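Here is a walk through one protein model. Begin with the pocket, then turn to the chain as a whole.

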Amino acid sequence: MRLLARYLAQQVLVATGFLLLALLVLFAFFDVMQELGSVGRNNYGLGQAAVVVLLSMPGHVYEIVPVAALIGTLFALSRLVGNSEYAVMRVSGLSNWRVAGYFAVIGVMLSLLVLVIGEYVTPWSDQTAQRYKLSATRSVVAQQFRSGLWIKDGSAFINVREVMPDNTLRGVEIYGFDSEGRLGWMRAAEEASWRGNQTWSLQRVVETRFSADGIRADRREQLDWQSVLTPDILGVLLVAPEKMSARTLWRYVAHLKENNQKASRYEIALWSKFLNPFVIPIMMLVVMPFALQAPRARGTSGKIFLGILAGLGFHLLSRLFGHLGLLNDWPPVVVALLPLLIFLAIALAGIRWVERR
């Protein structure tokens with residue numbers, strides 16, 4: 001049985017590897033076409049565009065490995081069935097449930113690899129790609145509103161006009177409110193640079209205090225500012241929640257909750273990170289019933305096509321539940337877990353149906 005397990009793993013991993021490579025080439029082509037629109041802006045040329053595309057590859061690997069595993073499993077298993085190799089395995093005492101167990105182990109191994117890439121490689125590569133492009137095109141990182149970026153920090157509200165690629169803040173205004181919600185003071189700085197230990201260095205600061213005695217304004221060339229706002233939190237602006245590391249998501253969700261802000265989208269992404277090791281094995285199990293049809297059965301090609309659609313439908317269902325969860329304030333764990341349970345039930349029912357036949 002160990003020999004059969006190794007043979008099955010080899011067939012599935014080789015097919016998955018070829019499909020992953022083909023999909024990466026396809027995504028790289030699309031990225032190149034997209035980057036051509038920015039070529040010629042300031043110092044951004046073909047060489048810089050190539051660097052951005054290469055840095056985007058780990059993010060694509062994280063996204064498409066489940067699809068590659070799905071189609072790779074379907075292709076490898078269908079080929080074994082078509083060559084009657086799977087029939088020989090069955091005669092040797094290999095059950096469909098044992099094959100499902102092998103696929104589950106292979107899927108978990110692939111999931112752990114993807115988890116490492118998503119946790120340590122993708123956030124860094126995506127942020128580096130964005131910062132490199134922003135630096136080459138001399139653009140700003142974010143301007144969420146016409147008035148800039150707004151962030152809540154305890155009882156204070158922070159307005160940042162521009163966030164530069166090196167994490168320098170320009171046009172910083174901090175509004176401090178007392179316990180009764182009245183504006184007590186305001187600081188306006190031309191620039192702020194990160195010094196570490198939750199400390200920013202404000203440059204060319206005008207501090208205005210409001211009291212019953214009147215308004216008093218002081219000017220300072222430099223002022224240290226303690227804040228929970230960090231470059232990690234600003235990095236959230238550069239990376240979609242689905243591509244952020246679990247550690248960054250955990251810290252950002254805690255920051256939002258401390259400031260009584262809505263964190264549903266980031267909580268859903270965090271729970272999805274925790275449940276990701278189960279995605280690939282479930283998708284591999286979903287396509288088993290479609291691949292295990294008799295090689296001469298009528299409509300086999302159509303059933304294989306339906307197997308691909310069933311696996312890809314998982315991503316659509318996950319996104320649908322994500323949007324519905326945000327609209328209806330469903331518990332994030334339910335939003336992330338329910339698509340997995342639905343497709344796991346479909347996969348187990350399909351394998352049981354094939355086994356009974």
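How many nonpolar, polar and charged residues does the lining of the largest pocket have? By class, the lining has 23 nonpolar, seven polar and six charged residues. Ala, Val, Leu, Ile, Met, Phe, Trp, Tyr, Cys and Pro count as nonpolar, Asp, Glu, Lys and Arg as charged, and the others, Gly among them, as polar.

This is a predicted model: local features need pLDDT of at least 70, side-chain atom pairs count only at pLDDT 80 or more, and totals for chains, interfaces and linings use all residues. Residues are numbered from 1 along each chain as its sequence is written, and side-chain values use heavy atoms, with hydrogens and water left out.

The largest pocket holds about 1,200 Å³ of space. A pocket here is an open set of points on a 1 Å grid over the protein atoms alone, where a 1.4 Å probe fits, with protein on both sides within 12 Å along at least five of seven lines; lining residues have an atom within 4 Å of a point. The volume is the space filled by probe spheres set on the points, which are joined across faces, edges and corners. There are 36 lining residues, and Glu 242, Ser 272, His 315, Ser 318 and Arg 319 are the closest to the centre. Helix α10 gives the most to this lining, with nine residues.

Leu 316 also lies in α10. Leu 316 counts as exposed because its relative accessibility is 63%; exposed means over 50%, buried under 20%, partly exposed in between (1.4 Å probe, protein chains only).

Across the protein chain, buried residues make up 46% of the 357 residues.

Definitions and conventions
Helix = DSSP H or I, 4+ residues; strand = E, 2+ residues; numbered from the N terminus.
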